[in-house]
Amino acid sequence: MGLTLPVYLDNAATTRVDPRVVEAMLPYFTDVYGNPGSRNHRFGWASEAAVDAARKQAADLIGAQPKEIIFTSGSTEGNNLAIKGAAEMYAKKPTGQEGRGHVITAQHEHKAVLDPAKRLQKLGFDVTFLEPPADGVITAEQVKAAMRDDTILVSIMWANNEIGTINEVPKIGALCHERDVIFHTDATQWVGKMPTDVERDGIDLLTWSGHKIYGPKGIGGMYVRRRKPRVRVVAQIEGGGQERGYRSGTLNVPGIVGFGKACELCAQEMDSERERLLKLRTKLETELAKHIEHVQINGNKDKRLPNIMNMSFGFVEGEGLMMAIKDIAVSSGSACTSASLEPSYVLKSLGVGDDLAHSSLRLSMGRFTKEEEVDFAIEKITWAVHHLRELSPLWDMFKEGIDINAIEWQQH
Amino acid sequence: MAYSEKLIKHYEKPSNVGNFGTTAEVKQRQDIGVGVVGAPECGDVMQLQIKVDQSTGKIEDAKFKCFGCGSAIASSSVATEWIKGKTLDEAMAIKNTDIVEELALPPVKIHCSVLAEDSIKAAIKDYQKKNGIEAAQTHAH
């Protein structure tokens, strides 16, 4: 098998849909197309049976009961529902008043958590955005120190999407349960890759997406605990009362079937997959560090998902680097990849300097990543960094012994 | 984002990469002006060095180094090509919008062309300062 270009190393952004998933979905477009809400004919029943089966597959992946799973359009919707919905449900005071309750989250969460949390501030809640330590790992101690008598909700992601670091989720869950605080975790990067048991791990609300686990886009799952304690959220999308009223809207049956199949495959394959990915990532990091001087891995090196690598290549700008390795699809923390001029807020929150944040690449591997693709990436990145350092005035200055941080730069 | 062919050409094979010596060396040279603009925290640093023929007052050679995205590298490359053979006044008159047009820079990359223009002006001013030439001829900006 030869190498096919371009090489895809951006599996933390989205994944290829597994062909087995597509196959499972196909009948639900043209053969079994009934609305599962149609309770009075067999078209509806057939679709309902398929949804029930998928709900079981999704529940099994995280150690939940099928009744505890709500289908959403993905983690953005799930996070909105979990955060706004739980805050509204457990608010200490009615709408329109201040001091409605305290919520804890962290600065390096995904925007789909940060923006709902900022919305809560406008709705009369107090929100603490924890500043992560330099290794990016939020500890239970840190959450504990931020807790107040009026804390109603903690939302801490399981693993970070940019650097792959793993927060102390089971400990944070236990802490929340001790204090009768609702615990939500955005597990988009975690579930399907790492063993998950919502009972053991003390989780009340958990959100994940199909498209990160080799399923289709536009479908996701949300776990809502039903006992010890029974957790409830206020619906954010209202209408026909589907999904026990938590999420109205006709169910996306082919998407749900694909999501269920994707969950089932992850449950079967994650153990061997994890080992394989870790080997690939270790090779990638070791080889790059061997061939290129002045690189740094961002985030805790051990408490990390096996498939994500975030590395800064000093004195080389991220987008320029991406252009030089255009046969490899990756992400960068550089500002130039987005419309804003700010580099990655995740790296900044860890205290990574703006210059090194601009110099970062995220490579994320997945089920379909082959070893020769990793080898290709090692070769190309090594070449590109050396080439761009030849072009870099900062590299010259560094080599001449000039302290770049001591220069008074003209900021634009 | 689709880049123009010209931009890609300048990025992949930039013209006039290099310098006329180390930072300390060029500082001593009367015939060389150096402009360094941008900041590492902003993700762009351009260094432009011009070598002026002191008998004709024309820029006889130019070299650049750039830490930045592809558009920044291409903009610097274009700037060095354009200023070679020009008088200081002529080089001063180059506008960032000319570079935007040449490379078909998308709106989010216009700041790269601004940096290139600024680096030309900074290098010329450095040369003038070294040689005691007042910026009397400098065009209003």
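Biologist: Which residue stands opposite B:Gly33 in S2(B)?

Modeller: B:Ile50 stands opposite B:Gly33. This is a predicted model, in which local features need pLDDT of at least 70, side-chain atom pairs count only at pLDDT 80 or more, and totals for chains, interfaces and linings use all residues. Residues are numbered from 1 along each chain as its sequence is written, chains are lettered from A and ligands numbered from 1 in the order in which they are written, and side-chain values use heavy atoms, without hydrogens and water.

Biologist: What makes S1(B) and strand S2 of chain B a pair?

Modeller: Two strands pair if DSSP finds at least two bridges between them. Eight bridges join S1(B) to strand S2 (residues 44-53), and these strands run antiparallel. Strands (E, at least two residues) and helices (H or I, at least four) are DSSP runs, numbered from the N terminus.

Biologist: Why are S1 and S3 of chain B called edge strands?

Modeller: The open sheet has the order S1-S2-S3 in chain B. Strand S1 (32-39) and strand S3 (58-67) of chain B each pair on one side only.

Biologist: Which helix lies across S1 and S2 of chain B?

Modeller: Helix H6 (residues 110-130) of chain B does, running at about 145° to S1(B). Such angles run from 0 to 180 degrees between N-to-C directions, with axes fitted to C-alpha atoms, for helices over the stretch in contact.

Biologist: Why does B:Ser119 count as buried?

Modeller: Buried means under 20% relative accessible area, exposed over 50%, and partly exposed in between, with a 1.4 Å probe and protein chains only. B:Ser119 has 3% relative accessibility, so the residue counts as buried. B:Ser119 belongs to helix H6 of chain B. Beyond its neighbours within four places in sequence, B:Ser119 is in contact (heavy atoms within 4.5 Å) with B:Gly35, B:Val37, B:Met46 and B:Leu48.

Biologist: Turning to chain A, how do you know that S12(A) and strand S13 pair?

Modeller: They are joined in the antiparallel sense over two bridges, and at least two are needed. Within this pair, A:Ser332 stands opposite A:Leu361 in S13(A).

Biologist: What makes A:Trp158 and A:Trp190 a stacked pair?

Modeller: Rings of Phe, Tyr and Trp (its six-membered ring) pair if their centres lie within 6.5 Å; planes under 30 degrees apart count as stacked, over 60 as edge-to-face and the rest as tilted. Here the values are 4.5 Å centre to centre and 5° between the planes, and the pair is stacked. A:Trp158 and A:Trp190 are 32 residues apart, and both are buried.

Biologist: Why is the pair of A:Trp208 and A:Phe259 called tilted?

Modeller: The ring centres of A:Trp208 and A:Phe259 are 5.3 Å apart and the planes stand at 40°, so the pair is tilted. A:Trp208 lies in strand S7 and A:Phe259 in helix H8 of chain A, so the pair ties together parts that are 51 residues apart in sequence. Both A:Trp208 and A:Phe259 are buried. With A:Phe71, they form one aromatic cluster.

Biologist: How do you know that the charged end of A:Arg16 sits over the ring of A:Phe368?

Modeller: The rule asks for NZ of Lys or CZ of Arg within 6 Å of the ring centre and within 35 degrees of the ring normal. A:Arg16 sits over the ring of A:Phe368 at 4.6 Å from its centre. Likewise, the charged end of A:Lys380 sits over the ring of A:Trp383, 5.9 Å from its centre.
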